Amino acid sequence: MEARSLPSRTASSVGRKALLEIRRTAGRWGLVALLVAFPVYFLIHDLTTGYPGFANGHATRIHDLTYLGTNIVQGISNGAIWALIAIGYTLVYGIIELINFAHGDVFMIGSFTGVSFWSAIGVGLATSTLGLVVGLPIALLVCMIVCGALNVLIERVGYRPLRNAPRLAPLITAVGFSFILQNIGLLWRGGSTVGVSDLVRENKTVVQISGVVIHRADVLSVAVTIPLVIALGWFVSRTRHGRAMRATAQDPEAARLMGINVDWTISLTFLIGGGLAGAAGLTYALYETTIWYLQGFLAGLIAFTAAVMGGIGNIRGAVIGGLIIGCIQQTIDARVGPQWTPFFVFGLLIIILVLRPQGLLGEETREAG
Amino acid sequence: MNELRAQLQEWQAAIQRVLPPWWPRALAVLLIAFGLVLPQLFSVTSNFINTEILALAYVMFALGLNIVVGFAGLLDLGYVAFFALGSYTFGWLGSGWFFKAHVHILVHGPQATLPGIHLSFVLILICAGLLTACAGAIIGVPTLRLRGDYIAIVTLAFGEIIRVFALQGPSLKIFGMPLTGGELGISGTDPPYLPGIGTFNQLNIRPWYYTIFALVLITLFVNVRVRDSRLGRAWIALREDEVAAVSMGIPLVRTKLLAYSLGAAFGGIAGAFLGAYTTLIDAGEFQFGFSIFVLAMVVLGGLGSIWGVVVGALLLSNINYYLIPDVLNGIPGDLGLKFNLTDLQVSIFGFLLVLVMVLRPQGLIPERRRKLELTRGIGETELEEPGAAWAAVEPGEVVR
């Protein structure tokens, strides 16, 4: 700022103020407006232009909200899976301020473990309902333990020695681990998508509400997510260890001085995050009935977008963000085409980071903003 | 561990006492001479020289990324975007892809009459550099206010967006012509023509080698000069402590965007060269793995260290394109394992990233300043001072 430019600056201070005001408004309401505009657009579009469909055996354009309702139902059920992964990102970021790049691939390993485990204990398409009711929860537990342990191992080997190094260092090891896990997946199940036996008959209708069909898969993913999120909320807010986690997230040094074992608490956080990713992995395998060694890359980025949208470091935000991003993703998948989904999700991520980097609910970490 | 480190340092000091002070320059001259003679020792279609051409292109990529990640400390995980843009610039401006256009600038031979846009090779390289520099600045804008790890995610997102466009290009029409060739790719590109050398072809790859060698030398020269300039010092200051640097009067926006632009321009030029060399520009090449591959070169060589990055890039691309597929590929099979070493390629680089970061975060040939910064940080953890791990304020943190 040279001295010569000072007078002109005071002259344009009114314009400058207006610009700042616009910027603040955009920061506060831009993201919310965008998220509201999205369904409203499709609502108006469906009611006026309509969408192609069949009525009385003829191909016509239908003017109602069934299609949007279906998008939202599928979005919420798919978003429930993203929410589980997003919680893992948010917990880890909240406590050590690191984007755990390997998290999406831990989720992928969860899917692979689940599928391999249930075929190992003999659960298949011929298994009775009782067998599924017993077998799948066991598989879920195994997935959670395996992924939790894997996440703890990654933290111990890759992140803990670098806790004091510049931020770039653990981020690079995280990318490294992500690649190692992808390679494990590649060697495990090969390079193409693998079909999974549809154990829960995911396409069976459970209930139909004015044309909107709710499938078994939708019920399943929500039924897995809700108890886990409630349990996590209880754990973080009511238990001793949960309090230690919150204290460490707020101020690790003070927490250490208060006698909290910070290293142990961080390991616990990774265990929980990995466990949730494992649960998400198993649910995803049952939900999509296909698994792929690269599924973790896109899933991880979608979940990260969800975590950022809700406000990274904020568990409630991660769940809300997951559900919203699920709806957006399903709507795009159905209406524009799945090949364009990454474009919309990443575009949204960039818009969030430009307009409102603290997310919808804001951060609950020590460095707000 | 510490004893070993001390021993190594002692040896290093001993070697430095023996060598005369002008040895780095002498070494550089020797290496350049070696590089010039090298293709003459092999046949004109030698597989080894082919690998070296790719390796030199990667040296250029790595030097470009080093400006962004090493000098300015902005972790860019979407470097593949510039490779893609550079390659597509070549595809668009040096082939019959836009078949409705008839533009010919300084082209010789049969290309001068064919439909499409045909520019001379040098012009295309310049265009690729300019275009990717603009793209770099555009990608840089949203990251200006963000912290380090958010920058990584935003750049990654941009890389993936470019990839989506590359893959979906055939369905995007410009004046009725598809934007890219998708997975089939843009083929039938013009062979480059340089006055004095003639038209390049695949039967004699020496001209390709010398072209990329010259490009690398230019890149090296620019890198060294920029690093020691006012701008280079501003980058390093921003990397070390953004708040302090800005309060000392460094223009944040311009300095950061220049880092993105310059880094991107080298990536774009190298990308255009690779597009010309491989004669096929298909979207399948522009994977996230490329960004990590180049990042691994920078990290292995030493963040911010020009010579380290050159060594890292030569080493890794030779391992990737020569050692793993041609030399060591059968080893697991010989040991009775049911896979080839190429299947492990990805995790070898992942493992290398982890290993280098944990054991030797300063890289093979560290930059002096970076080394101090990194090793001091690591040393403190070993003291287990209560709270020491959290006391340090990281460079490049909050900007708002």
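**A working chat on the core and chain A**

Student: Which residues have the most contacts inside the largest nonpolar core?
Tutor: They are Leu84(A) and Ala62(B), and this largest nonpolar core has 215 residues. Please keep in mind that the model is predicted.

Student: Which helix gives the most to this core?
Tutor: That is helix α3 of chain A, residues 66–96, which supplies 18 residues.

Student: And what does Ala62(B) touch, leaving out residues up to four places away in sequence?
Tutor: Ala62(B) touches Val294(B), Met297(B), Val298(B), Val309(B), Gly312(B) and Ala313(B).

Student: Changing topic, how many helices and strands are in chain A?
Tutor: Chain A has 13 helices and six strands.

Student: What share of chain A counts as buried?
Tutor: Of its 369 residues, 47% count as buried. As for contacts in chain A between residues at least 6 apart in sequence, 75% join residues at least 24 apart.

Student: Now α2(A): how far apart are its end C-alpha atoms?
Tutor: They are only 46 Å apart, although helix α2 of chain A, residues 13–48, has 36 residues. A straight helix would reach 52 Å at 1.5 Å a residue.

Student: Where is the kink in α2(A) centred?
Tutor: The kink is centred on Trp29(A) and is about 50°.

Student: How many of the 36 residues of α2(A) are buried?
Tutor: The count is one, and α2(A) is hardly covered. After α2(A) comes Gly50(A), with a positive phi near 80°.

Student: How many bridges join β4 to β5 in chain A?
Tutor: Four bridges join β4(A), residues 205–209, to β5(A), residues 212–215, and the two strands run antiparallel. Ile209(A) stands opposite Val212(A) in β5(A). This hairpin has two residues between the strands, and Ser210(A) takes a positive phi near 40°.

Student: Last one, on chain B: is Gln345(B) buried or exposed?
Tutor: Gln345(B) counts as buried because it has 20 C-beta neighbours inside 10 Å. Gln345(B) lies in helix α14 of chain B, residues 345–359.

Student: What does Gln345(B) touch, again leaving out residues up to four places away in sequence?
Tutor: Gln345(B) touches Asn320(B) and Ile324(B). Gln345(B) and Asn320(B) are 25 residues apart in sequence, and their C-alpha atoms are 7.4 Å apart in space.

Terms used:
Residues are numbered from 1 along each chain as its sequence is written. Chains are lettered from A and ligands numbered from 1 in the order in which they are written. This is a predicted model: local features need pLDDT of at least 70, side-chain atom pairs count only at pLDDT 80 or more; totals for chains, interfaces and linings use all residues. A nonpolar core is a set of buried Ala, Val, Leu, Ile, Met, Phe, Trp, Tyr and Cys residues joined through C-beta atoms within 7 Å. A residue is buried if 20 or more other C-beta atoms lie within 10 Å of its own, exposed if 12 or fewer, and partly exposed in between; C-beta atoms are placed from the backbone. Two residues are in contact if their C-beta atoms, placed from the backbone, lie within 7 Å. The expected span of a helix is 1.5 Å times one less than its number of residues. The bend at a residue is the angle between axes fitted to the seven residues ending there and the seven starting there. Two strands pair if DSSP finds at least two bridges between them.
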